[in-house]
Amino acid sequence: MKQWLMIIVMAAVVLGLGYAALNYFLTKKLKEGNERMQEIAAAIREGANAFINYEYKIVAIIGGAIAVLLALVISWETGVAFLIGAVMSACAGYIGMKIATYCNVRVANEANETRSTGKTLKVAFRGGSVMGLSVAGFALLGILIVYFIFGVWGGMLDTTLVNGVSGIVVKTNPITGGEYSMSLILSGYALGCSIIALFNRVGGGIYTKAADMGADLVGKTEAHIPEDDPRNPATIADNVGDNVGDVAGLGADLLESFVGSIMATVILAIEIFTHNIQFYSIDLFQQMVMFPILFAGIGLIGCVIGITYPLIKAKLSENPHTELNLATWISAGMAIVLGFVLCFFLFKGEDAGYQAQLEAIGFKAGTLTPWICAVIGIAVGIIIGIISEYYTSYDYKPTRNISHASKEGPALTITQGMATGMVSCMLPVVCLGIAIFATFALGGMYGVGCGAMGMLSFVAATVSVDTYGPISDNAGGIAEMSKLDPEVRVITDKLDSVGNTTAAIGKGFAIGSAALATMSMMSSYLYSFIEDASLSLNIMGREVLVGAIVGAALPFLFSGMLINAVAKAARNMVTEVRRQFNEYPGILDGTQRPDYKTCIEISSRGALKQMIAPAVVAIAFPVGCGFIFGGQFVGGLLIGATLSAIMLAIFTGNSGGAWDNAKKYIESGGVEGCGKGSDAHSAAVVGDTVGDPLKDTVGPSLDILIKIMSTVSLVCVVVFHKYNLLTLLGI
């Protein structure tokens with residue numbers, strides 16, 4: 001195998017993590033502002049650290065138990081790979097959260113000193129880039145560790161000659177007697193990333209939205225005090241939540257999506273070779289395994305270039321959206337150009353027989369097929385992002401319509417927002433359908449996997465742009481609580497509004513790549529127990545049909561559990577804020593200090609207690625169904641869950657983003673005669689609170705749900721397709 005090519009990925013990892021470290025220290029060197037600003041920032045930092053440290057203790061216990069179970073039932077290599085994935089995901093989330101808690105106050109101070117949107121944007125984006133570069137860097141670092149330890153040095157990617165036929169190394173578990181190959185070890189790594197992402201997204205999402213809703217419902221609509229007013233007891237908890245949910249959760253989420261898309265393609269290449277060894281050579285197998293990893297490496301190099309653009313540009317414009325879009329487009333463009341060079345040389349065959357092998361494996365465009373499929377994924381991802389921007393930005397009609405509907409009260413605000421979210425599902429799904437059709441026609445299921453991988457090949461830039469949003473939101477809170485000049489809050493609000501739109505775009509990338517990656521993973525799943533080369537599931541078969549129906553309901557169950565968890569924690573927060581206002585009337589006139597600590601504890605307890613049940617459902621449901629009904633049922637379950645989760649994720653993400661920006665449009669004076677404190681603003685706040693758990697808890701968690709279900713099913717199908725209740729009963 002051409003190991004020297006992996007130097008590209010090693011260099012990308014060193015470059016990405018080194019650049020992240022540089023931006024981390026450059027950000028910390030900036031001034032924090034006055035004593036009051038430093039005090040508030042320290043309180044936010046302390047709350048975020050306490051929550052994530054305790055959350056990671058819980059996750060470590062659960063993750064350790066899963067790793068032991070995988071080691072016993074599947075293989076010890078799978079258990080170790082699982083732990084490596086969990087550690088990489090946890091590191092990225094933790095580092096991103098840490099820099100966000102340092103950067104927020106520095107952004108507020110930059111806005112206060114310069115009164116320049118462009119200069120303030122540069123500070124926020126530098127902080128966000130630490131998260132973005134860490135996500136891609138740690139993801140690829142973990143992949144390299146697993147690849148070399150088990151694939152190269154452990155010999156699991158070697159090919160053997162058995163009865164004159166080449167094949168992949170297959171080992172046997174001494175405890176269960178089950179066979180396993182490198183594909184299950186890679187699945188273990190992806191599963192480790194998914195577990196951390198699920199807990200970070202669910203736990204952080206419950207925390208941040210409980211605090212946000214409690215602060216808004218009592219502070220804005222009842223006490224009629226501004227957002228992030230220091231008199232609001234929940235305001236510190238709200239700002240803590242931005243860091244543990246919208247930063248640590250976001251980073252772990254997109255790292256998991258990034259890893260999932262790469263691993264799905266690599267695993268599929270291994271399975272195709274294992275089951276179709278007569279079609280192509282060992283060289284082609286090695287190239288197909290290496291391509292997704294190499295493409296991700298050059299994508300990270302492209303992102304370093306794209307991220308550097310706004311940081312070294314002498315003067316950024318006062319339009320943050322333009323600058324952020326340019327950083328993303330430069331990153332995507334570099335990934336496309338470098339990917340072409342990589343694909344051309346990697347798949348360059350020397351004889352006519354090689355081209356025949358490419359055709360036999362389904363490469364309709366010859367050596368450039370994987371690159372074309374990746375470019376299709378990139379293009380569709382950008383288009384989905386543009387669609388999300390149209391439906392969530394207050395620069396466009398859909399969100400402005402929600403703002404104007406707020407003049408008639410909260411009922412019409414909610415109705416208009418729901419309609420916008422539902423309508424917004426159609427175009428992204430059509431784009432996904434076109435992407436699946438085109439990539440499958442060009443390269444089969446491997447082509448679909450390349451499309452998913454391409455969609456997230458510039459994930460470092462996407463996460464950098466996303467993370468800058470909650471950092472700016474925190475900066476606005478610190479400016480408000482520190483009683484800085486109102487002009488400072490205008491700057492941070494402008495950055496935050498753009499951040500809401502970029503977050504919706506990032507969620508579009510995540511769900512789009514999840515859909516494509518799950519399809520590729522589905523093929524690997526079917527390879528595990530179906531001997532028929534067609535790899536088809538009969539949708540009218542009883543197990544598959546019932547599984548699909550149950551699977552379609554599962555995302556609704558999962559979403560309902562999350563919303564209930566947020567509502568329960570938010571009710572406790574509302575009760576506490578009301579209690580403080582009633583018992584200590586001096587809070588509202590500024591003569592008494594609110595009790596911030598109790599509100600932080602309420603959010604922490606609520607999140608840590610409520611996050612376990614949804615996570616258990618996501619992991620245990622497909623496994624339990626597999627051991628009862630078998631592989632066919634779980635195949636249907638995965639299909640049904642994926643289809644309904646795609647729609648729900650788009651609906652919840654876009655409707656929630658639109659409600660939030662509709663509120664901000666009113667606050668910016670976009671609706672004549674209405675502003676902060678008006679009835680229309682109160683109605684918009686209600687709409688925003690309805691959308692809070694949808695866009696920041698439910699929507700982002702659904703793409704993790706479908707990937708974690710497909711990954712855990714792939715890992716466990718080697719056991720439950722043989723040992724299940726239906727087979728035992730002979731039904």
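Is Thr420 buried or exposed at 6% relative accessibility? Thr420 counts as buried at that value (buried means under 20% relative accessible area, exposed over 50%, partly exposed in between; 1.4 Å probe, protein chains only). The model is predicted, with local features needing pLDDT of at least 70 and side-chain atom pairs counted only at pLDDT 80 or more, while totals for chains, interfaces and linings use all residues. Residues are numbered from 1 along each chain as its sequence is written, and side-chain values use heavy atoms, without hydrogens and water.

Thr420 lies in helix H13 (residues 410–423); helices are DSSP runs (H or I, at least four residues) numbered from the N terminus. Leaving aside residues up to four places away in sequence, Thr420 touches Tyr391, Pro398, Ile402 and Ala658 (contact means heavy atoms within 4.5 Å).

Two helix pairs follow. The axes of H9 (residues 320–346) and H11 (residues 369–392) come within 9 Å and cross at roughly 170°. Axes are lines fitted to C-alpha atoms, for helices over the stretch in contact, and angles run from 0 to 180 degrees between N-to-C directions. H9 and H11 are therefore roughly antiparallel (over 145 degrees; under 35 is roughly parallel, 65 to 115 roughly perpendicular, the rest oblique). H9 contributes His321, Trp329, Ala332, Ile336, Gly339, Phe340 and Cys343 to the contact, and H11 contributes Pro370, Trp371, Val375, Ile378, Ile382 and Glu389.

The axes of H2 (residues 35–73) and H6 (residues 235–245) also come within 9 Å, crossing at roughly 55°. That makes H2 oblique to H6. Ile40, Ala43, Ile44, Gly47, Ala48 and Phe51 of H2 meet Ile236, Asn239, Val240, Asn243 and Val244 of H6.
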